[in-house]
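Student: I would like to examine how the elements of this model pack together. Could we begin with a pair of helices and then turn to the sheet?

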Amino acid sequence: MTNNYYDVSWEGAEAPGGASARLLNLTWTQYSSEWNSAKHSHRHAELFFILGGEGSIGLRHSAFPVRARELVVVNPGVLHCEISQAVSPLELVVLGVDGLSMETDDLGCVHTRFDEGWDSVVACLRLMLREVRGAREGYQLVCQHLLEVLLLYLVRRGGLSLAGSGPSRADSRECELVRRYIDEHFKENITLDQLAELAHINKYYLVHAFRKAYDTSPISYQISRRIQESRFLLESSDHSLSQIARILGFSSPSYFSQSFRRSEGMSPLEYRKRCRRDGPGERS
């Protein structure tokens, strides 16, 4: 299986003015054999454009077949997975879109087929992929405008209606779950893959959503929790730097010292000396 994921980073770029739906990511996937993804959900909508092959989209208690020239829109919070056939593997482009929801039945998704206009849709998708791969200045706005063109076209051709969903909450359930887990296990060796599996979302989107919610990445948050605990140990114990590094899960004393200096502007030993010189309650 070939899977190319592209995060659309709006950091340092002008956000689209007045757009209720914003492009978060694009994924191009070419399956090479029978493959099933684990069921998962997102705080954003996903648009599955089936470029080729055959397979199915699984929902919580059901599944339906998909093939080339079809679109599936899965609303936020809907549990789903992709299933590819071995004989005719799926090729698809998936757009992750924040602030978008479609009017659907109880299944929480829309499934439609293109008898006309499919070539124009594919041309638009390929242009988006070319832009995000090149990542030249302003590519975010180009991709965003292409998304808006696609959505207008989908609504105009009939069968699809926007439900007017607002942007997902910054303090989303998944981010809160991950943050609590890090708070309880920050001394352990935690990976993004573990956190993504815990939250049942793509690890790249997890980084995006967590940064949006807490202005830091999950791993940087874990390091900050370790530094916070290290300050207490430096103030209240006689543990060596090697012991503190080992207690808090740092890979080495030197990495602990580097992380501490970046956070506090001084070395751990300088911090300890300052604390003992100033005494409790007198440090700025």
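Tutor: Helix H8 (residues 253-264) and helix H9 (residues 268-278) pack with their axes 8 Å apart, at an angle of about 60°. The model is predicted, so local features need pLDDT of at least 70 and side-chain atom pairs count only at pLDDT 80 or more, while totals for chains, interfaces and linings use all residues. Residues are numbered from 1 along each chain as its sequence is written, and side-chain values use heavy atoms, with hydrogens and water left out.

Student: How are H8 and H9 oriented to each other?

Tutor: Axes are lines fitted to C-alpha atoms, for helices over the stretch in contact, and angles run from 0 to 180 degrees between N-to-C directions. Angles under 35 degrees count as roughly parallel, over 145 as roughly antiparallel, 65 to 115 as roughly perpendicular and the rest as oblique. The angle here is about 60°. H8 and H9 are therefore oblique.

Student: Which strands stand at the edges of the sheet?

Tutor: Six strands form an open sheet with antiparallel pairing, in the order S1-S2-S9-S4-S7-S10; two strands pair if DSSP finds at least two bridges between them. Helices (H or I, at least four residues) and strands (E, at least two) are DSSP runs, numbered from the N terminus. Two strands each have a single partner, so one side of each is left without a neighbour in the sheet: S1 (2-7) and S10 (109-113).

Student: Over how many bridges do S4 and S9 pair?

Tutor: Gly 52 stands opposite Glu 91 in S9. Strand S4 (residues 45-52) and strand S9 (residues 91-98) pair in the antiparallel sense, and the number of bridges is seven.

Student: Within what arc do the buried residues of H2 fall?

Tutor: Buried means under 20% relative accessible area, exposed over 50%, partly exposed in between (1.4 Å probe, protein chains only). The buried residues of H2 include Tyr 139, Cys 143, Leu 147 and Leu 154. Seen down the helix axis, the buried residues line one face of H2, because they fall within an arc of 165°.

Student: Which exposed residues does the face of H2 turned away from its buried side carry?

Tutor: Helix H2 (residues 139-156) lies across S1, S2, S4, S7 and S9. The cover over its buried residues includes these strands and helix H1 (118-134). On the face turned away from the buried side, the exposed residues are Leu 152 and Arg 156.

Key: Contact = heavy atoms within 4.5 Å. Arc of directions from axis to C-beta.
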